[in-house]
Amino acid sequence: MTLAHFMCRHCGAWHEYFASPPTCFVCSDVRNALPPEGFVFDRESDLRERVKQGEITTSWRYVEDDIVVFTNAPSLGIGSSGYVILRPEGNVGFEATAWYTDEALAFLDSIGGLTSLSSSHPHGMGALWQLQRRFDPEVVMHRDAVRFTKAFDVDFTFDDTLSLAGGISLHHIGGHYEGHAVLHDRRRRALFCGDAIKFEWDNEGLMMGLSCHKAFHKRIPLSHGEVRRYLDVIGALDFAQVFSTFEHGPGVTTADVVRFYTDLLSRPRTTSSTVRFAEPRRS
Ligand SMILES: [Zn+2]
Ligand SMILES: [Zn+2]
């Protein structure tokens, strides 16, 4: 039997298995919805065929001079974004989109490939295995997130925090997921928060506030202890913009996030956006 990679069509999570996996570990978890029509898995060759037919593209854009975001159109599964932070000391990848076309990988090659690679939690892992196969970066995960990494190989793990080169560090926050970690880019004053913060937009694309959750679909709030840990860890990091698993939140500062988590701690537990920005942030 030959091992191959399979993508759950419902959520976009990748699995390494002998044949179509019996279940998806992400969809089967309470923090995701089950696929109403049952599980369907696509092979790598299926994705390549869909790209050839023009059904899937991978695009990329610079958000800063040294931060590139990769996305799929149409979005696959839950639609995670992949981020690459360019540094003279070696590029760092955090999260991955669900599929990288050959063109996207060639572009990444042209800007120096990847030296280090990590992810906040399973909802952001996307096709991280493709990046590992192409660039052979050092893959580092929080020790409690290793159980979710069957589709790729972890080179080493960390406990509470880990400094990488280029002013970049990883910090364990837990809460939403076991082993959930955030990445802080000190030079660019950017926080890559995974699902520790969700942006709330209005119909005109203005960011009106923030929310967070233990389980989004089931609307299960975090416990106060979990929010307190978010506040302690994230509140100690200096940032002026945030990248979630899915999107960029420009102008979201440490003070905004501290105010949000502090407010959450003063209320009955909720997954609703409680703190509204006095001035909405434009995307
Ligand atoms: Zn799934
Ligand atoms: Zn998540």
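**Around helix α4 in a predicted model**

Visitor: Which elements do the buried residues of α4 pack against?
Guide: This is a predicted model, in which local features need pLDDT of at least 70, side-chain atom pairs count only at pLDDT 80 or more, and totals for chains, interfaces and linings use all residues. Residues are numbered from 1 along each chain as its sequence is written. Helices (H or I, at least four residues) and strands (E, at least two) are DSSP runs, numbered from the N terminus, and two residues are in contact if their C-beta atoms, placed from the backbone, lie within 7 Å. The buried residues of α4 pack against β12 (168-172), β13 (181-185), β14 (190-194) and α5 (254-265).

Visitor: Which residues of helix α4 (residues 224-234) are buried?
Guide: A residue is buried if 20 or more other C-beta atoms lie within 10 Å of its own, exposed if 12 or fewer, and partly exposed in between, with C-beta atoms placed from the backbone. On the other side of α4, Gly 225 and Asp 232 are exposed. The buried residues are Glu 226, Val 227, Tyr 230, Val 233 and Ile 234.

Visitor: Which residues does Ile 234 touch, not counting residues up to four places away in sequence?
Guide: Ile 234 is one of the buried residues of helix α4. Not counting those up to four places away in sequence, Ile 234 touches Ile 173, Val 182, Leu 191, Ala 196 and Val 257.

Visitor: Is Phe 135 buried or partly exposed?
Guide: Phe 135 belongs to helix α3 (residues 128-135), and its contacts, leaving aside neighbours within four places in sequence, are Gly 113 and Leu 114. Because 17 other C-beta atoms lie within 10 Å, Phe 135 is partly exposed.

Note on methods. Chains are lettered from A and ligands numbered from 1 in the order in which they are written.
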